[in-house]
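This report is meant to be read beside the sequence and the model. Please have both in view before going on.

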Amino acid sequence: LSSEAVRGLPRSSSEAKVLAERSPFMIRRLGLAAVLLALPLAACGNGGTEEDRTLHTPDGTIHTQTEGENSTSTYRDNDGREVVVATGPDVAASGPAYTRPYPNSRVLSSVTSPTDNAGLLTFQTEAEPGTVIAYYRQRAEESGLTARAEMTMGDTQQFGADTAAGGELNVVVTPQDGQSTVTVTWEGLPG
């Protein structure tokens, strides 16, 4: 794997676990193993060439499109539900407008479940953690979400908001080497 491809993967099992905990659909319905299988398929850059691959499983299909160091894998179960995993330096983030990356940041990975209006986005920015948290708090409140939690643990800052219907937004910002690494998760938030 190239260093660029590895950079696009979740840095720890806890990042992958965050999304899995937020969306029971991904654990029970899709099967976490199938989603984790898609990550290595998406991350194995093929030296700048284009490639399409499809893997059929008993529970559904994983289709991976690779262009240079960018890959998108779509897992679709037999009932038509899907999860999309995108990695690489040119990943485009998707999801509700208030979950999009902070301006002028570099997206590392994006995992979305359009069926469940859920996802996980990881990116880096040169902005300070407090500035990033303020940005997401403002966007959430402008969109009708209610701020529920804001906390600081060491250098890491977290913000959480939700809707009356049970939708949730969580933002975790960790500074490292002059940059902030940001993980945004959401569930039940159409957009």
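The sections below cover the basis of the report, a set of strands, salt bridges and a charged patch.

## Basis

The model is predicted, so local features need pLDDT of at least 70 and side-chain atom pairs count only at pLDDT 80 or more, while totals for chains, interfaces and linings use all residues. Residues are numbered from 1 along each chain as its sequence is written, and side-chain values use heavy atoms, with hydrogens and water left out.

Strands are DSSP runs of E with at least two residues, numbered from the N terminus. Strand S5 covers residues 106-113, and seven of its eight residues are buried, so the strand is largely enclosed by the rest of the structure. Buried means under 20% relative accessible area, exposed means over 50%, and partly exposed lies in between (1.4 Å probe, protein chains only).

Two strands pair if DSSP finds at least two bridges between them. S5 pairs with strand S4 (residues 82-87) in the antiparallel sense over four bridges, and with strand S6 (residues 118-125), also antiparallel, over seven bridges. Threonine 112 of S5 stands opposite valine 84, and its bridge partner in S6 is glycine 119. In the hairpin of S5 and S6, four residues lie between the strands, and asparagine 117 has a positive phi near 50°.

## Salt bridges

Side chains of opposite charge can pair when their charged atoms come close. A salt bridge here is a side-chain nitrogen of Lys or Arg within 4 Å of a carboxyl oxygen of Asp or Glu. The count comes to five salt bridges.

One of them joins arginine 53 and glutamate 51, with the closest N and O atoms 3.5 Å apart. Arginine 53 is partly exposed at 25%, and glutamate 51 is partly exposed at 30%. Another joins arginine 76 and glutamate 82, at 2.4 Å. Arginine 76 is partly exposed at 40%, whereas glutamate 82 is buried at 17%.

Arginine 148 forms a salt bridge with aspartate 162, at 2.8 Å. Arginine 148 lies in strand S7 (residues 146-153) and aspartate 162 in strand S8 (residues 156-162), so the pair ties together parts that are 14 residues apart in sequence. Arginine 148 is exposed, at 57% relative accessibility.

## A negative patch

Glu50, Asp52, Glu67, Glu69 and Asp90 form a patch of negative charge on the surface. Such a patch is made of residues with over 30% relative accessible area and no salt bridge, like charges being joined within 9 Å. Glutamate 67 is found in strand S2 (residues 60-67).

Notes: Patch = residues over 30% accessible without salt bridge, like charges linked within 9 Å, V, L, I, M, F, W, Y side chains within 5 Å. Areas by Shrake-Rupley, 256 points an atom, 1.4 Å probe, with all protein chains shown as cover. Lys, Arg positive; Asp, Glu negative; His and termini not counted. Charge placed at Lys NZ, Arg CZ, Asp CG, Glu CD.
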